[in-house]
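Welcome, and please take a moment to look over the sequence and the model. Here is a short tour of what can be computed from the atoms.

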Amino acid sequence: MIALDECVSPHVAMLQRVHVRLVWQRPYPSLERARPVAWTCWCRATVYELCAGGGRAFLRRTVQLDRGPDIHETSLMPLSEARATWTALLSGSAR
């Protein structure tokens, strides 16, 4: 197990009382070329990634389960909107 002081990637803050609920859906096969540009630490069971490609972006949520990962993604959005959503997710203002 990784000690928190050894983590180099950010962790998602506690969910705020007032927050935006993100809509998560199954991954898009057509976005296989999108690549992660930011991510949370893998020491937690749920890992989030900001993925971008072709001027568009989305957030990916991976829940690490014993039977394998459970992956969901948000809808495509402009990169600037995805970065704002990423910031909200990290601060606990979105989940």
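Buried means under 20% relative accessible area, exposed over 50%, and partly exposed in between, using a 1.4 Å probe and protein chains only. Helices (H or I, at least four residues) and strands (E, at least two) are DSSP runs, numbered from the N terminus. With those terms in hand, strand β2 turns out to be mostly covered, as six of its eight residues are buried.

Please keep in mind that this is a predicted model, where local features need pLDDT of at least 70 and side-chain atom pairs count only at pLDDT 80 or more, while totals for chains, interfaces and linings use all residues. Residues are numbered from 1 along each chain as its sequence is written, and side-chain values use heavy atoms, leaving out hydrogens and water.

**Overall fold**

- The chain holds one helix and five strands, and along the sequence they follow the pattern β-β-β-β-β-α.
- The radius of gyration is taken over C-alpha atoms, and the globule rule is 2.2 Å times the number of residues to the power 0.38.
- For 95 residues, a compact globule would come out near 12 Å, and the 13 Å of the chain agrees with that.
- Along the principal axes, the C-alpha atoms fill a box of roughly 35 × 35 × 20 Å.
- Buried residues make up 33% of the 95 residues in the chain.
- Counting a contact as heavy atoms within 4.5 Å, residues 24 or more positions apart account for 55% of the contacts with a separation of 6 or more.

**Strand pairing**

- Two strands pair if DSSP finds at least two bridges between them.
- β1 and β2 are antiparallel and share four bridges; they form a hairpin with six residues between them, and Pro36 stands opposite Cys51 in β2.
- β2 and β3 are also antiparallel, joined by eight bridges, with Ala52 opposite Ala57 in β3.
- The β2 and β3 hairpin has two residues between its strands, and Gly54 in the turn has a positive phi of about 65°.
- β3 joins β4 (residues 68–73) through six bridges in the antiparallel sense; Val63 has Asp70 in β4 as its bridge partner, and two residues lie between the strands of this hairpin.

**Residues of β2**

- Val47 belongs to strand β2 and is buried at 1% relative accessibility.
- Beyond its neighbours within four places in sequence, Val47 is in contact with Thr40, Cys41, Trp42, Arg60, Arg61, Thr62 and Gln64.
- Glu49, another residue found in β2, counts as buried at 10% relative accessibility.
- Leaving out residues up to four places away in sequence, the contacts of Glu49 include Pro36, Trp39, Phe58 and Trp86.
- With that same exclusion, Leu50 touches a set of residues that includes Val37, Ala57, Leu59, Ala82 and Trp86.

**Nonpolar core**

- A nonpolar core is a set of buried Ala, Val, Leu, Ile, Met, Phe, Trp, Tyr and Cys residues joined through side-chain atoms within 4.5 Å.
- The largest one has 14 residues, and those with the most contacts inside it are Leu22, Tyr48, Leu50, Leu59, Ala82, Trp86 and Leu89.
- The elements giving two or more residues to this core are β2, β3 (56–65) and α1 (79–91).
- In soluble globular proteins, nonpolar side chains tend to be buried together.

**Aromatic pair**

- Rings of Phe, Tyr and Trp (its six-membered ring) pair if their centres lie within 6.5 Å; planes under 30 degrees apart count as stacked, over 60 as edge-to-face and the rest as tilted.
- The count by this rule is one aromatic pair.
- The ring centres of Trp24 and Tyr48 are 6.0 Å apart with their planes at 45°, so the pair is tilted.
- Trp24 sits in the segment before β1 (35–39) and Tyr48 in β2 (residues 46–53), so the pair ties together parts that are 24 residues apart in sequence.
- Both Trp24 and Tyr48 are buried.

**Cysteines**

- A disulfide is a pair of cysteine sulfur atoms within 2.5 Å, and the count by this rule is zero.
- Cys41 has its closest cysteine sulfur in Cys7 at 3.3 Å, too far for a bond; Cys41 is buried, with a relative accessible area of 7%.
- For Cys51, the closest cysteine sulfur is that of Cys41 at 17 Å, again too far for a bond; Cys51 is buried, at 0% relative accessible area.
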